[in-house]
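User: Got a structure here that I'd like to go through. Can you take my questions as they come?

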Amino acid sequence: MNDLLQVCEFNAAYARTIDTDALEQWPAFFADDCHYRITHVENEREGLPAGIVYADSRAMLEDRVSALREANIYERQRYRHVLGMPVITKAEAGAIEAETPFIVARIMATGQTELFASGAYHDRFARRDGRLRLASRVAVCDSTAIDTLLALPL
Amino acid sequence: MNTVTAQPASQPVKWHDRSLTRVPYSAYTDPALYAHEQQRLFQGPSWNYLCLEAELTDAGSYRSTFIGETPVVVVRDADGEIYGFENRCAHRGALIVLDKCGHAESFQCVYHAWSYNRQGDLTGVAFEQGVQGQGGMPKSFCKEEHGPRKLRIASFCGLVFGSFDDDVPTIEEYLGEEICERIERVLHKPVQVIGRFTQALPNNWKLYVENVKDSYHASLLHLFFTTFELNRLSQKGGVIVDASGGNHVSYSMIDPQAEKDASYKDQGLRSDTDRYRLKDPTLLQGFKEYDDGVTLQILSVFPGFVLQQIQNCLAVRQVLPKGTDRTELNWTYLGYADDTPEQRQVRLKQSNLIGPAGFISMEDGAVGGFVQRGIAGAAGQSAVLEMGGDSAESSEGRATEASVRGFWKAYRKQMGTQIDLRGDAL
């Protein structure tokens, strides 16, 4: 399978995992020693490093899932990710860099659906034994504002 | 029950006349009260947080923001001083500045090219003399008599505040000594912005400000620390409410004696409570940077400013009303300019605690909306604020709503619906 198709397949599985509430499987898309961050275009443009979610290990992503399940209080909600075609910006033997646009609708327990986020994943994949894992995923949102709260990951 | 009616007389919000322990729900929904707040409170004798001095680094640096709903511009001029003025062209009222921030020699409205210097003076009117003898402004038109309203600007520890009122007390007087000390404690050296995020809250602005001041809810709503057993029994805390009621600090700190006792008890408890533990405890691994042992300090300045220190995680928050049931919460995450790379990384990791997705703050984004939705149709009913009594004074411990009552004390004074605790005629 070529790089583009492999990234597409990876992203489809990633989105499905979050959208079907299989959050426990979400960290497995990342390498042990990974970077995951949710930010927006203005912070990126100015080089400001903070994120509303900021992880530098897969264990931190697992902790976030545990917190969402056991500790944090938020109204029942789910997402629908719609991912665009990736642009492969760099491809080497063990690594791929790609950018993939996303749109995420949020569906609340009340039945209301709204556009929650749009943006692009800025990714670095590591390939091991033919499988891709995220060494880094930065979800760069187009909007600087988050409505109410962000519980589920992007 | 005797009630007093807010001015003007048509105001439908009925306030309890003798006590701060009741808040009419209509205070969060009434459009007339909301409009009245803009005028009496945000444009009245209050200091409104605008930005950081660190964001206006050199001559011409500007930011556009809001006081209440009113758009304003804050800019540093060549004399090094910071100036502020309404972001409204004196001609037709269009916005003068469209960008959130930038660098400008001067400002020009895009509509008819009226121009302004960095201090907000009207300096140019396009075709003022007409074109080829036709048109133009009348000879009597005097540019000095026109211009956006100017702000009084005050800076304290690098925080820039603005006021529309010429008679507002000095910023130091407005904050009071204790609040000044607590701001100085955190902002004792230059800071750097490390990120900005906006959270759109589905509720009246006052519900968020009350939440910030409400030390009672912290351990009940926010279960992150409890679930992962990160609470320290050996913490003690308190609430400081200033004389006006409007400014507050809630804090917790390590109690060294209790720490010693608790560590003994911990030995026996560990075995049966290892169900939930962080897999990556480096999330909260910090470093000691304040000698006083204070691990959490939440400070608010009336009407809508918050300075936060949660362990090594520093931020300021600006609360902006956007309608009776919409609020914009602007988070600015901070580090110190002299942070080592390791210290900066600690702050970035601890920032998972705060903001729109924060382990201990995401709930605050939602509860205001729960109230706003819950009180629909209950305009005649009131919220109850009796935890810790009926006063609005500093106290030990955090099971109190003293600083929430303090907010209403300051609010009602500024809105002209003062309470009369002695029962005298108003």
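User: Which strands form the open sheet in chain B, and in what order?
Analyst: Three strands, ordered S4-S13-S12, with antiparallel pairing. Strands here are DSSP runs (E, at least two residues; helices are H or I, at least four), numbered from the N terminus. Two strands pair if DSSP finds at least two bridges between them. This is a predicted model: local features need pLDDT of at least 70, side-chain atom pairs count only at pLDDT 80 or more, and totals for chains, interfaces and linings use all residues. Residues are numbered from 1 along each chain as its sequence is written, chains are lettered from A and ligands numbered from 1 in the order written, and side-chain values use heavy atoms, without hydrogens and water.

User: Which are the edge strands?
Analyst: S4 (48-52) and S12 (152-156) of chain B; each pairs on one side only.

User: How many bridges join S4(B) to S13(B)?
Analyst: 4 bridges, with S13 covering residues 159-163. B:Leu52 stands opposite B:Leu159 there.

User: What does H10(B) meet in H4(B)?
Analyst: B:Trp205, B:Lys206, B:Val209, B:Glu210 and B:Lys213. Contact means heavy atoms within 4.5 Å.
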